[in-house]
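Please keep the sequence and the structure in view while reading.

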Amino acid sequence: MNFPKPGKNRNQDRKPLFNMYWMYGLIILSLLALYYFQDGSQTKDVNWSDFEKAALAGDMDKIMVFAQNGTAEGFLTEQGAKNQHFDMSPQMTGDKKIKTTIPSSDKIQDKIDIWNAKLSAEGKPEIKVNYEKGSDLMKVIWYFGPIILIIVVMVFMSKRMSGGAGGTGGIFNVGKSKATVFDKNNGTNVTFKDVAGLAEAKVEIEEIVEFLKNPQRYTELGAKIPKGALLVGPPGTGKTLLAKAVAGEADVPFLSVSGSDFVEMFVGVGAARVRDLFKQAKEKAPCIVFIDEIDAVGRARGRNPNMGSNDERENTLNQMLTAMDGFQSNNGVICLAATNRADMLDKALLRPGRFDRQIYVDLPELSDRVEIFNVHLRNIKCNSKLDVEQLARQTQGFSGADIANVCNEAALIAARYNKDSVDWSDFMKAIDRIVGGLEKKSRIITDEEKLAIATHEAGHATITWMTKYGNPLVKVTIVPRGRALGAAWYAPEERQIIPTQALLDTMCGLLGGRAAEDLFLGQIGTGASDDLEKCTKIARSLVLVYGMSEKLPNLNYNDSTGQEMGFTKPYSDDTAKTIDAEVKRIVNEQYERAKEILRQYAAQHNQIRDLLVEKEVIFHDDVEKILGKRQWKSRTDEIIEINRKEEADRKTRAIESSVRVKPEVTDNNDSADDAPDDDGTPPPFTRQ
């Protein structure tokens, strides 16, 4: 197996390519040079006798003597130029000069002294003399400098276009591939151990790496390794990280390129780069080719023929289809690609023989998030009592990149307050910062607005607490963050299948804020716009996607493949009216249901509202004291109860130990239950 020679890859230090503004600058520079050199000056060669006659006639006011060349130039006056028959038109505004070869450079000064004596006797001005001992080299550089400069710049640009100062082929080398090569001597230092979660995706990727390491194990049974694997998933879920792990684990060359690297302003460059990429891959086979963000070049052809199409992009895609599975075989070349827009890709690109496998890299589950937190907490000095599993429950819907950001933000917050370690409160502040935005302490809120916000958030908290599928409450705040004036934070349960009642309970909770304003303030405000948007989307999904409507049951009008043109609706106008009526009915029913629940628990709602106005932030335990324990316990509620019991047992043991050691203080230990932890960290979901 042949590996490329170790050394620095010049593609890694590639500088920006040629910019058209450089060409504009060169054109302007050339025009200025032409304007400068064509200044209207005129020079005429004469013999020595005529030169002497012009000097004695007073036609010259200055003489430039070039001693080394044995020549002299006389600068004529206006009358002298007329006498010498020069062009005196207005556009010829430069100097008029006559040039001659002097008989002797040693005695030229004597001649000029004689001329000046005669001119003085006749009352004419004397001739000034300047000696130039240099050569005409500077004049040559002055005249030919711009041309030399243009040639140098063009050579420089040609080498830059070829990918480096040592490139060959000049500007015509623009069709070369920009792939970065990784091998055993130039790896990424990322292994599968650094990829937390993604167990199913890692199994399929590891199988490809294992085949490249031990091909006989598979070929003896007649098996063939997949020619390509497509990593699909939302942004930040670890698709590129998996590819880096493959580059670090595989003992074969790894060629990495972005989909946008094939796109260029020159016609045919994209297809040429695809050919060059697979040519390199065949030379280094067995190897892996990774194309990141392949949707930049692999979009479906002719999706909107009436809107025009990009022929260059389609030609690049056609070349890629041929290179991946055409007449010429690519034995030993495996293609990996990543995208979060798989619905936009061409069907021919996804067929077996090109990308045999589509590996879906989804948002991490609870167990995956625990693993991801453990990876990112390796280098962070955390409190020993930090509950990583509870952190994972607090970050449902977070991607791996989001979790990495949470860990980093928590460490920054702890350092800001000069703490020795990062504790639970720092992670909660980090989550608040990422989800809700920066706390706006300077925002001025009137008492009337504060009451309206507290009423709104208390409505959310009351409804979600009293509904079966309402998400477990973590805290409620009326402190402005980002664009939100207040927020209720939850620890939602992870469900694979969501029942109809869960969606209705979610809608009811979203409408709880608007319902509380209407019921207790007698007027509504603009603060519920985001809630109404989410609620309307859920209602439309109930009707259009999930087929849960009473009048339109078991019907789905959504095109999940993304292949529809989108110019016409897949239903009639009468059905559209029915859909609008059903969406309106579902929303109105949940709004009335929210108002009914708030009427039933009006006193408790007002207590939560008043507590919010007083403290601005209240927690799970505060709401539980007012509304009582939830009738329907979730997994999060059970964990809260377990943590609470463990905390009580720990404090009890601490009291008993204190009694044995210091019996004299037993009568003054009534407040032990209210003492914080030894490290000052409160238990999860209690007021911090």
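## Contacts and the chain as a whole

Two residues are in contact when heavy atoms of theirs lie within 4.5 Å. The model discussed here is predicted.

The chain is built with 22 helices and 14 strands. Of its 688 residues, 43% count as buried. Among the contacts with a separation of 6 or more, 75% are accounted for by residues 24 or more positions apart.

## Helix 6 and helix 8

Two packed helices are described by the angle between their axes and the distance between the axes. For helix 6 (residues 199-213) and helix 8 (residues 239-249), the angle is about 25° and the axes are 11 Å apart. Angles under 35 degrees count as roughly parallel, and helix 6 and helix 8 are therefore roughly parallel to each other. Their crossing is right-handed.

Helix 6 contributes Ala201, Lys202, Ile205, Val209 and Lys213 to the contact, and helix 8 contributes Leu242, Val246 and Glu249. By class, the residues of this contact between helix 6 and helix 8 are five nonpolar and three charged, with no polar ones.

## Helix 17 and helix 19

Helix 17 (residues 500-521) packs against helix 19 (residues 573-600) at an angle of about 60°, and the two axes are 7 Å apart. The crossing of helix 17 and helix 19 is right-handed. Their contact has 14 nonpolar, three polar and six charged residues.

Helix 19 also holds alanine 581. With a relative accessible area of 40%, alanine 581 is partly exposed. From C-alpha to C-alpha, alanine 581 and lysine 551 are 9.7 Å apart in space, and they are 30 residues apart in sequence.

An α-helix has 3.6 residues a turn, so residues three or four places apart point the same way.

Helix 14 is followed by asparagine 418, which lies in the loop between helix 14 and helix 15. Is asparagine 418 buried or exposed? Asparagine 418 has a relative accessible area of 69% and is exposed.

## Positive phi angles

Most residues other than glycine have a negative phi. Asparagine 418 has a positive phi, near 55°, and is a residue other than glycine. Glutamate 293 is not a glycine either, and has a positive phi of about 50°.

Glutamate 293 lies in the loop between strand 9 (287-292) and helix 10 (311-324). Its relative accessibility is 34%, so glutamate 293 counts as partly exposed.

## Alanine 348

Alanine 348 is a residue of helix 11 (residues 347-350). Which residues are in contact with alanine 348, leaving aside its neighbours within four places in sequence? They are Arg301, Leu321 and Arg354. Alanine 300 is 48 residues away from alanine 348 along the chain, and their C-alpha atoms are separated by 8.6 Å.

Definitions and conventions
Residues numbered from 1 in each chain as written. Predicted model: local features only at pLDDT ≥ 70, side-chain atom pairs only at ≥ 80, totals over all residues. Heavy atoms only, no water. Axes fitted to C-alpha atoms, helices over the stretch in contact; angles between N-to-C directions. Helix = DSSP H or I, 4+ residues; strand = E, 2+ residues; numbered from the N terminus. Parallel < 35°, antiparallel > 145°, perpendicular 65-115°, else oblique. Left-handed = near helix turned anticlockwise from the far one by under 90°. Nonpolar A, V, L, I, M, F, W, Y, C, P; charged D, E, K, R; others polar. Buried < 20%, exposed > 50% of the residue type's maximum accessible area, 1.4 Å probe, protein only.
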